[in-house]
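Hello,

Here is the structure for you to look through. My notes follow below.

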Amino acid sequence: MESVLDDATQTAIRNAAAVLLRSRHTVVLAGAGMSKESGIPTFRGEGGIWTTQGEPPLNQYETFAADPKRWWERRLAEARAGNPFGASIEAAEPNDGHRALAELEGMGRLAHVISQNIDNLHRRAGQRSLTEIHGNRLWMRCVRCGTRWPREEFPVDEADLPPRCATPGCPGIVKGDTVMFGEPILPFALARCEAETGLADCFMTVGTSAVVYPAAAFPIEAARRGVPLIEVNPEETPLTALADIVVRAASGEALPALVAAIQEQQAAAHGEGTR
Ligand SMILES: [Zn+2]
């Protein structure tokens, strides 16, 4: 198959493969670019939902916490009216980039994925070591004890809003698992991301413009420690200047090529070792 990647990109991918082969704990930060390749509109940037429709209020979580019953009534009304973003997520399938990350994990070359995406596609592609730092749209969560349920396992009774936690003894209110504006990142998710970043000896960003904190802080923190930073993104980002290797391509093209390059280099090394 003729590669669509130009020579400079292929060289960058071979260099990235060599770094991943030398590393024991590679951590990936994945962003909206990966979801976009599965047909899910992005929030920011050209044509993004927020660019065309305006950003949601920054006090979303405050509004929810002040009157969760009203918030739930609005959410259910919106769902009845049809939500194009929700529909695009429900129709989306994992792409070659998601599958390649899961494959890298299976090969022992990728320790953890921190995803800013809420669409469940990493999990569906088979990623096991995963932190969804902004939650998962297909799940529900108790705001008090943090227990989560797949949405279909937690039916909402419209006559009894807001829904309450199903954990015995917990009086918490249940909301969608997606982290709202103004809502703190779950402490266990943040702790896991910090621990994985601390262990990283290679850090790769994929399809992220790296402007949303705290997620954007992880690659910066790793790079500051001298950990090799690989950027896979079609456009320049604020992280580009920090990156040791830049792969200017979509994840669905770059990551399968990265898997192939690692396999080639492994096979070559094995051939030399047995000669
Ligand atoms: Zn609870």
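Two strands pair if DSSP finds at least two bridges between them. Strands (E, at least two residues) and helices (H or I, at least four) are DSSP runs, numbered from the N terminus. This is a predicted model, in which local features need pLDDT of at least 70 and side-chain atom pairs count only at pLDDT 80 or more, while totals for chains, interfaces and linings use all residues. Residues are numbered from 1 along each chain as its sequence is written, and side-chain values use heavy atoms, with hydrogens and water left out.

First, the sheet. Strand 1 (residues 26–30) and strand 2 (residues 112–115) are joined in the parallel sense by four bridges. One of the residue pairs is L29 with its bridge partner I114 in strand 2. The open sheet has six strands in the order 3-2-1-7-8-9, with parallel pairing. Strand 3 (130–132) and strand 9 (245–247) are at the edges with a single partner strand each, so one side of each has no neighbour in the sheet.

Second, the zinc ion. Its donors (N, O and S atoms within 2.8 Å of the metal, or 3.2 Å for Na, K and Ca; water is not among the atoms, so sites may look incomplete) are the SG atoms of C142, C145, C165 and C170, at 2.2 to 2.3 Å. Along the chain, the donors follow the spacing C-x2-C-x19-C-x4-C.

How exposed are two of these cysteines? C145 is partly exposed because its relative accessibility is 38%, and C170 is buried, at 14%. Buried means under 20% relative accessible area, exposed over 50%, and partly exposed in between (1.4 Å probe, protein chains only).

Regards
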